[in-house]
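Open the model in your viewer and keep the selection tool ready. The tour goes from one stop to the next.

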Amino acid sequence: MLLQPEAGLLFWMLLSFGIVFFVLAKFGFPVITKMVENRNAYIEKSLDAAKEANSQLAHIKEESEAILATARDEQVKILKDAESTRNRIISEAKEQARAEGQKELDELRKQIQREKEDAIKDIRRQVALLSVDIAEKVIRNNLSDEKEQMAMIDRLIDETMVSKS
Amino acid sequence: MNSRLKYILAFICIFVLGVAPTFASSTESSEDVNVKELILDHVADAYEGHINILGLNATIPLPIIVKGENSGWQIFMSSNFHHGTAEHNGFYIASSGDYRGKIVEKNQAGEEVRPWDFSITKNTLGLLLSSVLLIVIILSMASWYKKHSKEDDPKVPKGFFGFMELFIMNVNDDIIKPCVGKNYKKFAPYLLTAFFFIFINNIMGLIPIFPFGANVTGNIAVTLVLALFTMVIVNVFGTKEYWKEIFWPEVPTWLKVPIPIMPAIEVVGILTKPFALMIRLFANILAGHSIVLGLVCLIFVTVQLGTAINTSMTIVSVVLTIFIDLVEILVAYIQAYVFTMLSAVFIGLAQVEPHHSHAEKH
């Protein structure tokens with residue numbers, strides 16, 4: 001009994017499986033498998049892209065490291081240059097300052113000399129004037145006696161000397 | 001964890017409580033339990049469905065569509081038969097003979113004959129329900145993919161669809177792809193349909209409440225159609241080389257010229273392959289249902305042996321039924337797997353290329 005296929009169920013089975021097969025084979029499974037395969041392809045593509053990007057990144061890193069190294073060298077060089085330049089400028093400035101100072105000192109010295117000379121000249125003139133004054137006074141006293149004259153002169157000189165000093 | 005355990009317990013309760021009273025109701029009338037008849041009645045088709053949960057015992061009438069020799073097309077509900085005791089418009093359910101349990105009518109000569117019977121039986125209902133369910137699941141999944149998978153931003157489904165994707169791609173990549181070979185994309189839709197059709201029917205058959213534990217894939221008509229589909233696809237899409245190997249195989253000439261021994265064997269092979277598919281699926285699922293029913297019958301068989309034995313046997317029966325039900329879930333998958341795999345292998349064998357290409361490989 002169980003081994004005899006029933007015509008009714010056979011018909012319904014044929015109908016329903018036929019419909020299920022048609023619908024799913026047309027609109028169901030191909031869509032799903034295609035989408036999953038697309039997604040897998042997409043994932044693979046993304047992985048490849050990521051790998052590429054990674055290698056590029058590594059490359060860029062290397063490059064940047066190289067650039068950094070050269071930059072560091074450059075920096076050291078520049079720093080050295082700057083130091084030497086600074087030293088040179090400082091020493092030059094020192095030299096110049098010293099020369100300037102020297103010049104000024106010389107100038108000052110010359111001026112002092114000049115002033116000293118002026119002062120001496122002045123003293124001389126004063127002495128001359130004094131001498132003239134003394135001579136006047138001596139003359140005015142009518143000096144009779146030579147002795148007295150001499151005494152007078154001495155005294156006057158002393159006076160002047162005292163007043164002078 | 002706790003809630004998951006609760007779900008499992010509830011699931012088992014539904015299984016056990018759903019099965020047990022089915023027999024309580026059907027054996028009430030007679031004291032002697034005829035186990036063989038009972039099992040055969042339950043694995044066979046029926047014109048009405050029974051629902052039994054916790055003492056709720058309902059008979060669901062199903063539509064009868066028949067065309068008799070003299071009365072023409074008739075559509076009415078199976079409740080008109082009053083559980084096989086009454087006659088309706090000349091049709092009645094035979095209680096004995098070749099057509100036991102089927103709708104018959106008397107022809108002019110007074111012999112019992114089968115009318116054209118396209119009734120929505122228990123199995124048909126289960127079949128239609130599973131078909132609709134399968135179509136709904138797969139099409140809603142397909143529409144999800146259409147909505148969410150853009151070329152540049154594909155998404156991965158979560159939850160049930162995620163599981164289904166895993167399942168579908170597993171069948172696609174691990175059964176169909178290696179078994180069919182390089183042409184597999186052409187046949188994948190059929191094989192996937194066959195797999196999930198068988199699987200969902202197997203699983204639905206294990207649910208005793210609704211659709212009444214219909215033994216759909218354990219019915220020879222169903223497996224016959226499935227096997228026919230495989231046979232047609234194998235032979236329609238067979239290559240020239242496949243047909244050459246059938247009618248002019250590379251064997252000593254005396255094996256094929258005066259009497260075509262080898263071609264005859266090969267032609268028989270065309271038929272035996274789908275026949276094996278048909279019987280394997282049918283027998284496995286039928287056996288699974290029979291074992292479950294047999295174990296449940298232990299309870300009723302041991303009633304006469306006293307309360308103590310009956311109680312202990314009831315416990316044994318319930319434990320074994322749960323175990324076998326779980327095994328049957330595994331079998332549901334394995335049989336779908338085997339059917340799909342063998343169909344794929346047969347299709348793959350029919351896709352043979354001429355031999356020189358094989359020779360190059362070696």
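Start with the contact between the two chains. In this predicted model, 57 residues of chain B are in contact with 36 residues of chain A. Together the chains bury about 4100 Å², with 82% of that area on carbon and sulfur atoms.

Next, select B:E165 and A:R39. These residues form a salt bridge, and their closest N and O atoms lie 2.5 Å apart. Across the interface of chain B and chain A, the rule finds two salt bridges. Polar contacts between the chains come to five residue pairs, counting pairs with both residues at pLDDT 80 or more.

Now colour the side of chain B that touches chain A by element. At least two residues each come from α2 (35-43), β8, α3 (122-148), α4 (159-180), α5 (184-205), α6 (220-236) and α8 (261-301) of chain B. The side of chain B that touches chain A has 38 nonpolar, eight polar and eleven charged residues.

Stay with β8(B), one of the elements on that side, and show its sheet. This is an open sheet of three strands in chain B, ordered β4-β3-β8, with antiparallel pairing. The edge strands are β4 (72-77) and β8 (116-117) of chain B, each pairing on one side only.

Last stop: select β3 (residues 63-68) of chain B together with β8(B). The two strands pair in the antiparallel sense over two bridges. Which residue in β8(B) is the bridge partner of B:K67? Look for B:W116.

Methods:
Residues numbered from 1 in each chain as written. Chains lettered and ligands numbered in written order. Predicted model: local features only at pLDDT ≥ 70, side-chain atom pairs only at ≥ 80, totals over all residues. Heavy atoms only, no water. Pairing = 2+ DSSP bridges. Helix = DSSP H or I, 4+ residues; strand = E, 2+ residues; numbered from the N terminus. Contact = heavy atoms within 4.5 Å. Buried area = accessible area lost by both parts, 1.4 Å probe. Salt bridge = Lys/Arg side-chain N within 4 Å of Asp/Glu carboxyl O. Polar contact = N/O pair within 3.5 Å; in protein donor to acceptor, adjacent residues only side chain to side chain. Nonpolar A, V, L, I, M, F, W, Y, C, P; charged D, E, K, R; others polar.
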